[in-house]
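Me: Could you go through this structure with me? I'd like to talk about the ring contacts, the helix packing and the backbone.

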Amino acid sequence: MNFEEIKNDEQQYMMHTYGRFNTALVKGKGASAVDSEGKEYIDFTSGIGVNSLGYCDEGWVKAVSSQAATLQHISNLYYSPLQTEVSKKLCKLTGMEKVFLCNSGAEANECAIKIARKYSFDKYGEGRQKIITLINSFHGRTVTTLAATGQDVFHNFFFPFTEGFDYVTANDTDDLKAHISDDVCAVFIELVQGEGGVMPLSEDFVRTAADICKEKDILLMIDEVQTGISRTGTFFCYQQYGIEPDVVTSAKGLGGGLPIGACISGKKTAGVMTAGTHGTTFGGNPIACAGANEVLSRVSTKEFLDEVRAKGDYIREKLSAMPNVKEIRGKGLMIGIVTEKDNAKDVAGRCVENGLLILTAKNLLRLLPPLTISYEEIDKGLSILKSVMEV
Ligand SMILES: *Cc1c(COP(=O)(O)O)cnc(C)c1O
């Protein structure tokens, strides 16, 4: 099928929920993708932070295809050595205690929200149900995670939303303190706001939040759906802030391209979810877990993390010498660029025409390349970006 046919069928048979670029990707290798017309692209998106090891990494393909040929699915009525391996790895890499496996970021966050409410209910009874999130956050697309998302544009059409969320300005400790009341059970934050514009939180704000939470027995919950799995140069981003969260959520990069999410509990919340309080049909699917196990064993070594940081620094240095670059934000291989001309959407569109896949977030350009991207691929992508920025 050629591109026009694919596009026509999409128009005819799919709900129009996405604004898509004019290309249909059909195969890839490393950080390069190929479209239906045979045109090649350098990929600075990794499927929005999903393909941690790039397209069709050899070890990942082997792990996933051999699992597909062995046992593709069992229900959660039975034990699974692949699930326990993923969970054990996540606990060892964080020092946390218990894992619930699900299928997406929104689901991981739903689990975190349920844990917060039940932790408080078990200990204090009714009435302590409020969860504080940040303005410009993004936590997912279910009715509850939309409510958790602190952006008015998402609070539309689907009324009534889940009650019990309150929003605080990021990096404003006074605003945070002003919103802490007796009915708060959790503070739930991203450490680099992704969709909200690649905005890192200050250490001061995060430490203050952690201190308040500890003092008042409020849960500190970190949404690491985008920042986790070595994206920001440490396995989880919270490890750069010297804090110990009560709950951490993960998804996107965890499966290397397969749908899997995780909600991870620390000591305080390890026993909150009991038999019958939560569940999922697909969560912890063996093939998704095989992918996650390969990802986790590869991205967590010191050498790998050093490389992620070095590549991030290299990209930042090159970007800072590029025309139309006003500000560079983010951590590791999660990079946001404010443009002088405030033309990120236009730049992203022209990049695609010129063979570079690149993201935007609010009015920023956003780079989430595969963690395994080579310097050669980085240089190729940046030279396309430069030629587009020059115009
Ligand atoms: C993408 C994202 C989500 C939602 O994940 P889905 O897998 O799309 O449900 C939640 N939180 C953050 C920080 C994200 O970046």
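Reply: What follows is a short exchange about a predicted model.

Me: How many aromatic pairs does a search of the whole structure find?
Reply: The search finds six aromatic pairs. One of them joins Phe138 and Phe154, whose ring centres are 5.6 Å apart with the planes at 55 degrees, so this pair is tilted.

Me: And where do Phe138 and Phe154 sit in the chain?
Reply: Phe138 is in the loop between β5 (130–134) and α6 (143–148), while Phe154 is in the loop between α6 and β6 (165–168), so that the pair links distant parts of the chain, 16 residues apart. Both Phe138 and Phe154 are buried.

Me: What about Phe159 and Phe161, how are their planes set?
Reply: Their planes stand at 85 degrees, with the ring centres 5.3 Å apart, and because an angle over 60 degrees counts as edge-to-face, the pair of Phe159 and Phe161 is edge-to-face.

Me: Is Phe159 buried or exposed?
Reply: Phe159 is exposed, at a relative accessible area of 57%, whereas Phe161 has 15% relative accessibility and counts as buried.

Me: What kind of peptide bond joins Phe159 and Pro160?
Reply: The bond is cis, with omega at about -5 degrees, and Pro160 belongs to the loop between α6 and β6.

Me: Which residues do ring pairs link into a cluster?
Reply: The cluster consists of Phe235, Phe236 and Tyr238.

Me: Switching to charges, which ring does the charged end of Arg117 sit over?
Reply: Arg117 has its charged end over the ring of Phe165, 5.5 Å from the ring centre. Arg128, for its part, lies over the face of Tyr124, with 4.2 Å to the centre of that ring.

Me: Helices now: at what angle do α4 and α9 pack?
Reply: Helix α4 (residues 81–94) and helix α9 (residues 286–299) pack at about 30 degrees, their axes being 8 Å apart, and the crossing is left-handed. Residues making the contact include Leu82, Val86 and Leu90 of α4, together with Cys289, Ala292 and Leu296 of α9.

Me: How do the residues of that contact divide?
Reply: In the contact of α4 with α9, nine residues are nonpolar, three are polar and two are charged.

Me: Last topic, the backbone: what is phi of Cys56 near?
Reply: Phi of Cys56 is near 50 degrees, a positive value in a residue other than glycine. Cys56 lies in the loop between α2 (46–49) and α3 (58–68), and is partly exposed at 38% relative accessible area.

Me: And what is phi of Val198 near?
Reply: Val198 has phi near 45 degrees, also positive in a residue other than glycine; the residue is in the loop between β8 (192–193) and β9 (199–200). Val198 counts as buried, at 0% relative accessibility.

Notes. Residues are numbered from 1 along each chain as its sequence is written. This is a predicted model: local features need pLDDT of at least 70, side-chain atom pairs count only at pLDDT 80 or more; totals for chains, interfaces and linings use all residues. Side-chain values use heavy atoms; hydrogens and water are left out. Rings of Phe, Tyr and Trp (its six-membered ring) pair if their centres lie within 6.5 Å; planes under 30 degrees apart count as stacked, over 60 as edge-to-face and the rest as tilted. Helices (H or I, at least four residues) and strands (E, at least two) are DSSP runs, numbered from the N terminus. Buried means under 20% relative accessible area, exposed over 50%, partly exposed in between (1.4 Å probe, protein chains only). A charge sits over a ring if NZ of Lys or CZ of Arg is within 6 Å of the ring centre and within 35 degrees of the ring normal. Axes are lines fitted to C-alpha atoms, for helices over the stretch in contact, and angles run from 0 to 180 degrees between N-to-C directions. A crossing is left-handed if the near helix is turned anticlockwise from the far one by less than a right angle, and right-handed if clockwise. Contact means heavy atoms within 4.5 Å. Ala, Val, Leu, Ile, Met, Phe, Trp, Tyr, Cys and Pro count as nonpolar, Asp, Glu, Lys and Arg as charged, and the others, Gly among them, as polar.
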